[in-house]
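Hi,

Here is the structure I promised to pass on. Have a look at it first, and then read my notes below.

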Amino acid sequence: MQNHRVVVTGLGVCAPNGVGVPAFKEAIENGKSGIRFYSELEKLNFSCQIGGMPLISEAVKSKYFTPLQLRNFNAAGILYGVAAGIEAWQDAGLKIDDEQCDFDSGTIFGVGTLGVDKYRESIYKVDEGNTRRLGSTSVQQTMSSGVSAYLGGMLGLGNLVTTNSSACTTGTEAVLLAYERIKYGKAKRMLAGSTSDGGPYVWCGFDALRILPSKYNDKPAKASRPMAADASGFVPGSGAGALVLESLESAQQRGATIYAEILGGHSNSGGQRQEGSMTAPNPIAVKRCISDALIHAGIEASAVDVINGHLTATTKDDLEIQNWSEALGRKGADFPYINSLKGMTGHCLAASGSIECVASVLQLKHQFLFPNINLEQVHPAIAAQISETRIPRTKTDLQFNILAKASFGFGDVNCCLIFSTFQS
């Protein structure tokens, strides 16, 4: 069996606090929040009237879509995914051949909820008896694999073109699946990422569950507070992240920029047993996922320098820290540095893992840690387990080699990736 090294050669992002990698990198370095108040949520009587959605200009739309493609287009998740995916492809220095199909390249681009606004538009038209006015692209805008289908056609991908869906684990899982396809010689390059719609018709269920913060409608940038003593729920978000993964041989042949290497990873499920449920993680499975990722990557727990956590600003943050501590056998000042992007972006649902993978790779490549914003007082249960010196509050320059990135999702599913600085 072939066993190729896999590297990251391209990045793309469409996040609430920055559209495009340069803007996103500047935002995370400076602790810039992308969470805003939305009057539409107020009109609809939401308790939580804030969220994070990328600010997409008409110029960005026209950069990635033709006027014909934009006719009757109403699928924000596809827009986000295409913008991030094509940016990553171009960032990797890869060309788009309008004539030939590239059988060495494919995509695994995940979704959670996709095409909600188009579905809503279609339902009204159908109920009014105007089925023929749906337009010729209504199917591709609402099918789960719509984003991978769009990207496959725009880039001429001839390898595996598919979509995965595993709730909040989706993006990290897509990267792992793409890594495995290259590692075992089934592709030379894979575009890996995920996307998620936003807005009231996606976020309504979470508001109904009363797991979103309702006391920050007048100060949205302060609302998302991972690891904080006064955290009161996650802020909903949306967007997309994308990474071009490539075999080391292919990257070196092309003279491509190498951002990082993926050493390995693991995914599993807690089976909704023990303490696990549809909405809560089985800690045994979480710890096993982390431990098995380290084994697959061929490193010891002591080698992990930085963790980019899932950490959503809910009551489960302290449990996540406990799981990391027990899986790594490290606590106090010996614990790795840890941060959460969700203070700046909110929880971008199915897109969270891929956006956070982009942030993780940027930290590795440029040797810095972005700050945990809104963290005025660490939750006492977390402070009892790890030293607050391991939780950076400001941008921190740091020389480090290994970053562990994990995501945990509804359905008791888990995924952990091990990124490394590239060493030839």
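How many helices and strands does the protein chain have? The chain has 16 helices and 15 strands; these are DSSP runs numbered from the N terminus, with helices being H or I over at least four residues and strands being E over at least two. Its radius of gyration is 20 Å, close to the 22 Å from the globule rule for 424 residues, so the chain is as compact as a globular protein of that length. (The radius is taken over C-alpha atoms, and the rule is 2.2 Å times the number of residues to the power 0.38.)

Before you dig in, keep in mind that this is a predicted model: local features need pLDDT of at least 70, side-chain atom pairs count only at pLDDT 80 or more, and totals for chains, interfaces and linings use all residues. Residues are numbered from 1 along each chain as its sequence is written, and side-chain values use heavy atoms, with hydrogens and water left out.

Buried residues make up 59% of the 424 in the chain. Buried means under 20% relative accessible area, exposed means over 50%, and partly exposed lies in between (1.4 Å probe, protein chains only).

Start with strand β15 (residues 413–420). Seven of its eight residues are buried, so the strand is largely enclosed by the rest of the structure. It pairs antiparallel with β9 (residues 260–269) over eight bridges, and two strands count as paired if DSSP finds at least two bridges between them. Here Gly-264 sits opposite Ile-418 of β15. Strand β14 (residues 402–409) also runs antiparallel to β15, joined by eight bridges, with Phe-408 partnering Asn-414. In the hairpin of β14 and β15, three residues lie between the strands, and Gly-411 has a positive phi near 95 degrees.

Next, find Val-6 in strand β1 (residues 6–15). Why does Val-6 count as buried? Because its relative accessibility is 0%. Among the residues it touches are Tyr-179, Leu-245 and Ile-262, where a contact means heavy atoms within 4.5 Å. Val-6 and Ser-247 are 241 residues apart in sequence, yet their C-alpha atoms are 4.7 Å apart in space.

Finally, look at Ser-148 in helix α8 (residues 146–155). Ser-148 counts as buried, at 1% relative accessibility. Its side chain reaches the backbone oxygen of Ser-145 at 3.0 Å. Ser-148 also touches residues including Thr-107, Phe-109 and Val-161.

Cheers

Definitions and conventions
A polar contact is a pair of N or O atoms within 3.5 Å; within protein, one must be able to donate a hydrogen and the other to accept it, and residues adjacent in sequence count only if both atoms are side-chain atoms. Lists of a residue's contacts leave out its neighbours within four places in sequence.
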